[in-house]
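Biologist: Could you walk me through this model, starting with how the chains meet?

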Amino acid sequence: MIKQLLSISLIALALISCEQDDVTVAYQLTVTLNPAQGETLPDDVTVTAKNESSGKEYKTTAVANESATLEQLPAGFYTVTAFNDVFNAVKSVELFKDTETSLTLIKGKLGNFIIKEVYYCGSTTKAGKGYYSDQFIEVHNNSADTLFADGLSVTIHASFGNSENPYAYMATDSITIQLCYTVPGNGSEHPVAPGKSFIIAQDAINHQSDALGNPDSPVNLEDAEFEFYATRFPGKDVDYPAPNMLPNLFPFIGTDVLMHNRGGNALALVSIPGDVNEYFQHNMIDEYRAKIPNEWVEDAVEIMPFAKAFKRYDASLDAGMVSVEAGAKSGKSIRRKVATEMSNGRVIFQDTNNSTNDFLHDVVPMPWSY
Amino acid sequence: HPHRHFSYLNFRAGVGQHSQMPPLAFLYPAPTYVDLVSLMHYSNNADARTVLFTTHILDDTKSLKPASNLKKEVGVDFTVYGIHTQITFYQEELKNAFSQEIDYTWLNYKKYDTNGIATDSKPDPAQLPYHTTYYLAPKGQVNNKNRLEKTGIEYRIDFGRIHPIYTDIIVDGAWKKTLQYKYINEYAPAVVSTNQIEAIGHYHDQLHSTLQLSQFSSKLHLVTHVPQLRWVFSGSFQFIWIDKRISQFYPLQPKALQTEEGNRPFTDEMASQPDYTRFALKAKTDVKQSPFLFSSNLRLSKEIGNAVKLSVFVNNFLNYRPFYLNDGNLYERKNNTTNFGAEIILKL
């Protein structure tokens with residue numbers, strides 16, 4: 001009997017002692033900051049490390065000329081971000097031992113939503129004519145959080161890039177626009193997961209198979225998340241099923257929102273606080289154009305007609321420029337380079353606010369892909 | 001002997017009127033068709049696609065008057081010291097001239113609500129709710145509102161012949177001024193942002209703009225006629241001293257705005273409000289003055305036998321083709337390139 005009692009207690013003891021302890025292995029991450037070219041290192045940079053699996057974010061403030069140390073970070077894959085009002089940098093880091101890494105700051109606002117691809121050239125039909133209905137803009141969530149597309153506005157700059165920008169005098173404070181359309185929604189209707197994107201198409205149809213389309217078009221935009229629908233000329237633009245962008249400013253619209261097919265339209269994503277239509281009531285600079293402060297610009301791309309160099313945006317928004325050299329009807333687009341592809345499939349595109357370095361050009365359009 | 005200096009004096013005067021009836025295309029223009037979308041339902045299923053248009057046919061015409069031009073002219077010819085001078089002063093007024101304007105109409109149509117209709121099913125308008133909405137339709141219209149005034153002085157001075165070189169010297173030219181008046185009746189400036197109210201501005205035929213063209217030119221003719229050699233050499237040299245174009249737009253406000261609901265008066269406060277400021281037309285003056293322009297042409301004619309006359313000519317033989325900035329801010333060249341040719345006249 002004592003033997004049986006002893007066996008039971010030994011088994012019970014064994015079961016109790018088999019309880020597993022979670023062993024959390026934690027490491028230290030030291031981040032050294034390098035100042036942006038020609039700038040000094042500021043003393044108010046926030047450094048965050050976000051764990052890609054758990055989503056937890058660890059934050060500290062870097063003091064000038066010192067590195068920032070984040071202690072006791074669980075092992076894993078992290079996105080390290082450094083930013084203040086003026087500079088930003090982002091890098092992905094693997095933390096499986098105490099690691100030191102360095103980030104070089106770049107001047108410019110860290111874009112959460114960025115323009116990932118613009119296809120404006122149009123394609124050529126079998127008969128040799130131009131087909132421009134397959135234009136699209138792709139907006140990508142480059143951050144590590146889910147963002148909402150509601151209320152994000154797409155704007156086209158007022159200067160066509162073929163001659164001197166007449167609005168250069170205000171470029172250090174504001175951008176001048178001639179068109180603005182906004183994503184509909186009350187603020188939580190259109191979530192965009194980190195590393196995912198949405199497409200705004202001129203016409204959200206399968207351009208390759210549509211009866212009035214172009215079999216030689218490089219894109220099928222049937223699943224585009226949004227489209228442009230213009231009603232100035234009744235009956236000329238078809239309202240396809242995709243949700244329509246809300247028109248705010250549209251002085252030069254013909255039968256649809258058409259981007260300049262040789263690259264004359266520079267694009268900027270902006271976030272206008274409050275009622276967008278009310279903003280345009282009070283901020284027109286002339287009968288047809290309005291201005292928007294640079295602080296509200298999420299991302300700007302200096303799309304330029306090939307062989308021209310008349311910049312519209314301030315260097316802090318986009319220090320470079322990009323063109324499709326093959327020209328109109330070529331079926332080619334401009335697309336950002338990939339900065340990192342994370343193991344969970346999330347893509348981070350390169351955004352140094354310099355489209356000369358950040359963009360590939362004359363590439364085949366790849367909606368939702370790269 | 002005063003009459004030897006002043007050997008000839010003649011006065012002349014004239015008046016004339018020219019009237020022109022409007023052509024049939026102005027009196028009975030083709031109707032204007034306006035197609036408005038009452039229902040648009042796109043589906044990837046081709047059988048379910050539906051579009052319904054409401055078409056308005058605008059077919060009213062205005063009665064037109066004939067355009068009439070009244071010209072009055074007075075002139076004097078006199079010869080002093082062998083120099084024969086002719087001066088003519090004229091004044092013309094063209095009334096009720098034909099011009100084009102845009103008239104606006106609010107057209108109503110039903111707009112069906114297809115919310116709730118599945119993409120792949122065909123909507124039936126008889127079952128759908130609708131509301132009535134309005135479209136601002138422009139329509140071209142001919143009227144009699146153009147007015148033109150012309151004033152001018154023409155002169156011709158024949159200095160007579162310089163016998164030793166068989167040459168006649170003649171100077172002729174004119175100063176003329178044309179004034180054109182444009183009136184504005186209805187105008188609906190484009191809506192460029194969503195909060196702007198669409199409305200027809202009623203300006204009630206106020207004077208919108210005037211265009212004044214004035215020019216002063218002289219032409220020097222040198223005609224050398226040598227009967228012994230049976231040749232005539234003529235050179236003409238034209239000088240356009242002044243060539244001015246003044247376009248003037250006047251500041252105007254509409255008297256009333258017409259929305260789909262009806263008319264409302266346009267007040268002075270509205271002219272500075274952002275929603276209505278586009279109806280208040282601004283004053284603008286644009287003066288384009290071309291610099292001095294010179295052109296020169298030469299011609300040589302020879303009679304051969306009794307029946308043949310051969311001429312050789314060169315136009316703009318100095319090839320003076322200066323650059324001028326035109327109305328569209330583009331550079332253009334005045335005067336044709338040098339060109340030359342020959343003519344034969346046969347008397348049969």
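**Where the chains meet**

Biologist: How many residue pairs are in polar contact between chain B and chain A?

Modeller: This is a predicted model, where local features need pLDDT of at least 70, side-chain atom pairs count only at pLDDT 80 or more, and totals for chains, interfaces and linings use all residues. Residues are numbered from 1 along each chain as written, chains are lettered from A in the order written, and side-chain values use heavy atoms, without hydrogens or water. A polar contact is a pair of N or O atoms within 3.5 Å, one able to donate a hydrogen and the other to accept it, and residues adjacent in sequence count only if both atoms are side-chain atoms. With both residues at pLDDT 80 or more, the count between chain B and chain A is 6.

Biologist: Which strand of chain B gives the largest share of the side that touches chain A?

Modeller: Strands here are DSSP runs of E, at least two residues, numbered from the N terminus. The largest share is 4 residues, and they come from strand 2 (residues 32–41) of chain B.

Biologist: How many residues of chain A are in contact with chain B?

Modeller: Contact means heavy atoms within 4.5 Å. Chain B brings 16 residues to the meeting, and on chain A the number is 23.

Biologist: Inside chain A, which residues touch the most other members of the largest nonpolar core?

Modeller: Such a core joins buried (under 20% relative accessible area, 1.4 Å probe, protein chains only) Ala, Val, Leu, Ile, Met, Phe, Trp, Tyr and Cys residues through side-chain atoms within 4.5 Å. This one has 35 residues, and the top two are F113(A) and F198(A).

How values were computed
Buried means under 20% relative accessible area, exposed over 50%, partly exposed in between (1.4 Å probe, protein chains only).
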